[in-house]
Amino acid sequence: MSLLEVRDLRVSFDTDDGTVYAVQGMSFSVEAGQTLGIVGESGSGKSVSTQAIMGLTPGATITGEALLDGANLLTMSEGQLQSIRGSKVSLIFQDPLTSLHPLYRVGSQIAEAMLVHGHVAKAEARARAVELLGQVGIPEPAKRVRDYPHQFSGGMRQRVMIAMALALEPKLIIADEPTTALDVTVQAQILELLARMQRDYQTAVILITHDLGVVADVADEVVIMYAGRPMERAGVEAAFVEPHHPYTQGLLQSIPSYSGRTGKLRPIRGYPPSLMHQIDECPFASRCPLVHDECRVAPPPLKPVGTRPGHLSACVLPSDRVGLVAAEASQAAAGAAER
Amino acid sequence: MIRVVLRRLVYLVLVLFVITLLTYIVFFVGNPNDLAARFAGRDAGPAEIRDAAVRLGLNHGFWYQYWHYLTGLLHGSFGLDFQNQVPINSEISRAFPVTASLVLGAVVIWLLIGIPIGIMSATHPRSLRDRAGTTFALTFLSMPTFVLGVLFLLVFYYYLTRAGLSWFPAAGYVGLTSSPGQWFLHLILPWLTLALVQAAVYTRLIRGSLLDVLGEDYIRTARAKGLSRRTVIYKHGVRAALTPVVTQLGIDIGTLLAGAFVTERVFGLPGLGQLALNAIGAADLPVVAAIVVLAASFIVVMNTIVDIVYAVLDPRVRLA
């Protein structure tokens, strides 16, 4: 059994301007101790998906299933979710500058979850906070626990967030763009730290990012999201070597190193569809160089593709048509047709 | 932290000095004969006026006169008033406890009303409760103190007394030390008059401030830690939302301590506001000047207290 199994997750928000269908049929699973990368551009629903299953999207309408160790998070009471958040599942957010409370010492912020969930004494929680700060690489942890967040740099604050997430040795850490707000040099350190902590604590990680390079480095499995749906699910190797979905291929080709041969970046033309109505075709159809009539009928379901088990793609193209070469040929053809 | 406090105290002294200088220039610099004539009274002849000018020290230079005034202030003396030739100090020390009782009691009431309603509104935005809170706030925000005060008198004094229930006195003040019960009864209507308007302001202030804070990333972090809704709202939310409230409270207390003019007038409370109004009517310049200096001092002192409280509340301010 997977540690976390999410099936057909749908999340929508009622706003003054109408309903926003942020997530429309998201499915993924995470195995114990493994790393799942969720990749997508801004607004593709990657953060909403994970926050919704943890009950952190107030006012959202949520359907589907999210089984954590077999128990459905979506039918739990707020109290049950509270007992899971911070103890079994921890979250790390994008902007460490605003994610720590400015008025409390970092030590007490790290100790807080332990005091709430762990039923430990204050002194014990405090000692553990020092230990954790040391583990995440903060020098002089015994002194720094008494400091406030504004006395730390951005990278250091993200280390504090990681220490906070690890406090109760959760089974799963959801890291929502943990390095996006940081300097490139610091990004690598934080990812390395996250990977080391994951090994030491035997924790599974969901890494949400728009950076394919990050995913290639640390993930075991990848879900590519687009317009609130999974486009492709695969092991990290299959995703990068044998991508099936034209969107995945487009993403890969818009990375500088992948398009090196022609020396030109290949951005995906057009814009993602509006989420203000339910999309009744393949959401990528309007931007896809290989669009068929079939794509306009209904959003294609995930189907097994390629040669490796567990490789799924939501595209109508033949299941053996994988790899970047095929995509390049097709894009060239599309380019010729345009001319 | 100690450096912040010391620096604020130095500023405080400097500002107070400037205030006394400006007040002195505004009130006492001019034709010496005019001042002396006011002091000498309505039917005074030229000889008496000259006499008064000498007694007031008006024949000396400006800096000498100011220095005289300032040393008087530093020794805690505002001098004599023009009307009755009594020490202004004794008039102020009679009036100040009245205003202080009125204001501090009202502060307690408006915080007790405003904070819970503000928190309720912010934690249930757009709900029926929120709308009820907004309606409450708008009602009292748009009702001037004199209308509310007179309404209270009409209902609680006039109608009740006519119905044979003389629970509330009409006007006046009884000292806390002479009769706590009467003190309370005489102040309850003025308190409510002053407090309901202010409670409306604070309801809106706290609602807005807390709504902003609850949208912050660190609130999401607190929820992600699995803290209860209560802990998230009070420990993480309200704590951070208090800063603008402290600022407003400092300004309000400072301003009102110099005299809650309208409320004191409506309920016949002999506080600083009444003293000032009477002095202005009688052109009793030393009294008006004394109250101006006092009013400015209250505001400056409250601002200093606010700054120090800030440093206590927010570690980021301690560095500045």
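Select chain B. From the N terminus on, its elements run α-α-α-α-α-α-α-α-α-α-α-α-α-α. That is 14 helices and 0 strands. Keep in mind that this is a predicted model.

**Whole chain.** Stay on chain B and zoom out. Along the principal axes, the C-alpha atoms fill a box of roughly 85 × 60 × 35 Å. Colour by burial next. Of the 320 residues of chain B, 36% count as buried. Take the contacts in chain B between residues at least 6 apart in sequence: 70% of them join residues at least 24 apart.

**Two domains.** Select 2-74 of chain B, then 91-319. The domain assignment calls these domain 1 and domain 2. Now show the contact between the domains. Domain 1 of chain B brings 12 residues and domain 2 of chain B brings 15. Which helix gives the most to the domain 1 side? Pick residues 2-28 of chain B. This is helix 1, with 11 residues on the side that touches domain 2. Colour that side of domain 1 by class: 8 residues are nonpolar, 2 polar and 2 charged.

**A helix pair.** Move to helix 5 (residues 88-123) and helix 6 (residues 128-141) of chain B. Their axes come within 8 Å and cross at roughly 140°. An angle over 145 degrees would count as roughly antiparallel. At roughly 140°, helix 5 and helix 6 of chain B are therefore oblique to each other. The crossing of these two helices is left-handed.

Show side chains at the contact. From helix 5 of chain B, select Ile117(B), Met120(B) and Ser121(B).

**Across to chain A.** Bring chain A into view. The contact takes 22 residues from chain A and 18 residues from chain B. On chain A, highlight helix 2 (78-84), helix 3 (96-99) and helix 4 (106-118); these elements each give two or more residues to the side that touches chain B. Which of the elements gives the most? Helix 4 of chain A does, with 4 residues. Finish by colouring this side of chain A by class: 10 residues are nonpolar, 9 polar and 3 charged.

Note on methods:
Residues numbered from 1 in each chain as written. Chains lettered and ligands numbered in written order. Predicted model: local features only at pLDDT ≥ 70, side-chain atom pairs only at ≥ 80, totals over all residues. Buried ≥ 20, exposed ≤ 12 C-beta atoms within 10 Å, placed from the backbone. Contact = placed C-beta atoms within 7 Å. Nonpolar A, V, L, I, M, F, W, Y, C, P; charged D, E, K, R; others polar. Axes fitted to C-alpha atoms, helices over the stretch in contact; angles between N-to-C directions. Parallel < 35°, antiparallel > 145°, perpendicular 65-115°, else oblique. Left-handed = near helix turned anticlockwise from the far one by under 90°. Domains from an automatic or database assignment.
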